[in-house]
Amino acid sequence: MNDSNGGDDGNTASVARFYDQLAADYHLIYDDWDGSTERQGRALDTVIRAALGPEPAAVLDCACGIGTQAVGLALRGHRVTGTDISPAAAARAGREAARRGLEMPVRAADMRALPFGDGSFDVVVCADNSLPHLLTDDDLFTALGEMRRVLRDGGLLLISTRPYDQIRRSRPVSTAPQLHGSGAGRTVTFQLWDWSEDGERYDLEHFQLIPARDDTGGDWRVEVRRTTYRALTEGQLAALVADAGFDGPAWRQPEDSGFFQPLLTARRHAAP
């Protein structure tokens, strides 16, 4: 594990590899990925329009994955650009958008070095527990600084993570199996977590049991991908966001926002 003061290019490569390996099968995590995309887009759209007004916004999803939130927001009329550290995931997000007739530019990029000019977007989204892949304060500040830089004055930041306040108290070692499909065609996904002694970081093994696409009579193809997370509490992340120069960081829980994870909102300070 790293200390809290230096970057980790080795972990960056590991995260990119994790999502490159997962991209083709990512939708199998969900019982209904299309339905989840629509629901998540609707929830984020409600938060965005409540904060910025009724007009469609220029949105950057800087950890777009295969497009779960980005496509959902584009379907709600927003002008969405997607980036992801995984070239394979970004490429799939582009295909998913094109399949739905959406114009959604997508490229591979590290959230610590966003390839856009200052003030390019009304909203920056970093959802689905993406930010906790950054294991050091330096990397978190760099990424948050880039998000702030590409936001216009008064622009909106949206970050979602797992509910780590609760998780750190219980330190689970696994997740419940998730099923996609039914009968002989079902896929099973689950995770194993190995916690560090400080209780802040955990190594994750992501298992998928996928029906074999041959005549073997019900055998499974087993995929295992590995990555590491830093389990930041809501207080820790809100303080980091404030220190990075954002105004009014506040958390909204799923029962309030309609989004499936705790959602932090903050604003880039508006010039007088």
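**View 1. Gly-94 is partly exposed, because its relative accessibility is 23%.** In this classification, buried denotes under 20% relative accessible area, exposed over 50%, and partly exposed the range in between, with a 1.4 Å probe and protein chains only. The model is predicted: local features need pLDDT of at least 70 and side-chain atom pairs count only at pLDDT 80 or more, whereas totals for chains, interfaces and linings use all residues. Residues are numbered from 1 along each chain as its sequence is written, and side-chain values use heavy atoms, with hydrogens and water left out. Gly-94 belongs to helix H4 (residues 87-99). Helices (H or I, at least four residues) and strands (E, at least two) are DSSP runs numbered from the N terminus. Between Gly-94 and Asp-25 the C-alpha to C-alpha distance is 16 Å, with a sequence separation of 69 residues.

**View 2. A mixed, open sheet comprises seven strands in the order E3-E2-E1-E4-E5-E11-E10.** Strands E3 (106-108) and E10 (246-252) are at the edges; each has a single partner strand, so one side of each lacks a neighbour in the sheet. Direction ignored, neighbouring strands of this sheet are turned by 15° against each other on average. Pairing requires that DSSP find at least two bridges between two strands. Strands E1 (residues 58-61) and E2 (residues 79-84) run parallel and are joined by four bridges; Ala-58 stands opposite Arg-79 in E2.

**View 3. Helix H7 (residues 234-243) lies across strands E5 (151-160), E10 and E11 (263-268).** H7 runs at about 160° to E10. Axes are lines fitted to C-alpha atoms, for helices over the stretch in contact, and angles run from 0 to 180 degrees between N-to-C directions; contact means heavy atoms within 4.5 Å.

**View 4. Four strands form an open, antiparallel sheet in the order E6-E7-E8-E9.** Eight bridges pair E7 (residues 187-195) with E8 (residues 201-211) in the antiparallel sense, and Gln-191 stands opposite His-206 in E8.

**View 5. Cys-62 and Cys-126 are in no disulfide.** A disulfide is defined as a pair of cysteine sulfur atoms within 2.5 Å, and by this rule the count is zero. The cysteine sulfur nearest to that of Cys-62 belongs to Cys-126, 4.1 Å away. Cys-62 is buried, with a relative accessible area of 1%; Cys-126 is likewise buried, at 0%.
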